[in-house]
Amino acid sequence: MSLTGLILYGALPLLTLAMLFAFIRLVRGPSLPDRVIALDLIATMAIGFTAVYAIARNQPALLDVAIVLALLSFLGTVAFASYLEKRI
Amino acid sequence: MILRDIVTIVLIFIGTSFMVIAGIGVLRMPDLYIRMSATTKVATMGVGSILLAIAVYFQELGITSRALATVAFLLLTAPVAAHMIARAAYFTGVPLCNLSIADELKGHYDLRTHKLESICFPELELHLPDMQVTKLRIPTRSVVSGKTLAEIDLRRQFNVTLLAVCRGSHVISNPDGDVELFSDDEVILIGFPEDMERAVELFQTTVND
């Protein structure tokens, strides 16, 4: 099997499964911080997803998307955390 | 398949497995604080491995340096974000799972100022390992504020001894019975853990009128 085939039929479905697990945690909660870490994990997985897809499609430009996602997910988590702490 | 492709596949496989483990971890672990180890450590390892695969696969200076910079950024930011969210969760009262055996932060956070305070009496704990030393701030409108130590009678009622009263920067150590307590004073207590719990409860009871 070629590299592209292994990624498209091996890595991407597995990453989707992992995202699904994180999504179940996002829906179930139970507390707000639980949902925030689930969102953070989904963003981290999206970075991995984009990176793997960049290799499969031979498009290095997609790496920039992964970088932007990394920056945004960090900022999002920090913002969530500081608002949670200020709320009480 | 050339060597570059094999290394790329192995790195992607490692990264993807870690991602799946992180997903299972965040779903199955019993409380937030343990789930966090799955989302930060395991997921960072997974995404780092995948980004290394990019660096190996494309073999261009610009792409490799960007991939490595992203890995470094993730390694720096993941612990910061995790610490912030765990701290916020601890303040909002997210419970530990019932299998936890110790909460070492309990009583050390000042819930008003959000500062971590600890009183260390290492020698005291060495000599008296079964005793507990606690520092607590008397809340506004506590039932004990305005009363003297003789009126509260901690020693006889709770079997707890008051070592000192801190009022602002002023410390009244080894106070006698005439010393009056006010809200916002900080008291240092020593006693057996089970007695201490009841005494702390008294201090935190507020007048409801």
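How many cavities of 30 Å³ or more does a search of the whole structure find? The search turns up 1. This is a predicted model, where local features need pLDDT of at least 70 and side-chain atom pairs count only at pLDDT 80 or more, while totals for chains, interfaces and linings use all residues. Residues are numbered from 1 along each chain as its sequence is written, chains are lettered from A and ligands numbered from 1 in the order in which they are written, and side-chain values use heavy atoms, with hydrogens and water left out.

**View 1. The largest cavity, lined by helices of chain A and chain B.** About 150 Å³ of space sits in here. (On a 1 Å grid over the protein atoms alone, a cavity is a set of points where a 1.4 Å probe fits but cannot get out; lining residues have an atom within 4 Å of a point. Grid points are joined across faces, edges and corners, and a volume is the space filled by probe spheres set on the points.) Of the 15 lining residues, Asp40(A), Thr44(A), Leu74(B), Thr77(B) and Ala78(B) lie nearest the centre. At least two lining residues each come from helix H2 (32-56) and helix H3 (62-87) of chain A, and from helix H2 (32-58) and helix H3 (61-92) of chain B. H2(B) supplies the largest share, 5 residues. By class, the lining has 7 nonpolar, 7 polar and 1 charged residues. (Helices, H or I with at least four residues, and strands, E with at least two, are DSSP runs numbered from the N terminus. Ala, Val, Leu, Ile, Met, Phe, Trp, Tyr, Cys and Pro count as nonpolar, Asp, Glu, Lys and Arg as charged, and the others, Gly among them, as polar.)

**View 2. The second largest pocket, with about 250 Å³ of space.** Among its 13 lining residues, Leu149(B), Arg155(B), Thr161(B), Leu162(B) and Pro175(B) are the closest to the centre. (A pocket is an open set of points with protein on both sides within 12 Å along at least five of seven lines.) Helix H5 (149-152), helix H6 (154-158) and strand E4 (161-167) of chain B each bring at least two residues to this lining, and E4(B) gives the most, with 3. The lining splits into 7 nonpolar, 3 polar and 3 charged residues.

**View 3. Where chain A meets chain B, 46 residues from chain A and 44 residues from chain B are in contact.** Contact here means heavy atoms within 4.5 Å. About 4,000 Å² is buried between the two chains, and carbon and sulfur atoms give 82% of that. (Buried area is the accessible area, with a 1.4 Å probe, that two parts lose on being put together, summed over both.)

**View 4. Salt bridges between chain A and chain B, 3 by count.** A salt bridge puts a side-chain nitrogen of Lys or Arg within 4 Å of a carboxyl oxygen of Asp or Glu. Glu85(A) pairs with Arg87(B), their closest N and O atoms being 3.0 Å apart. For Asp64(A) and Arg66(B), that spacing is 2.4 Å. This second pair crosses from helix H3 of chain A to helix H3 of chain B.
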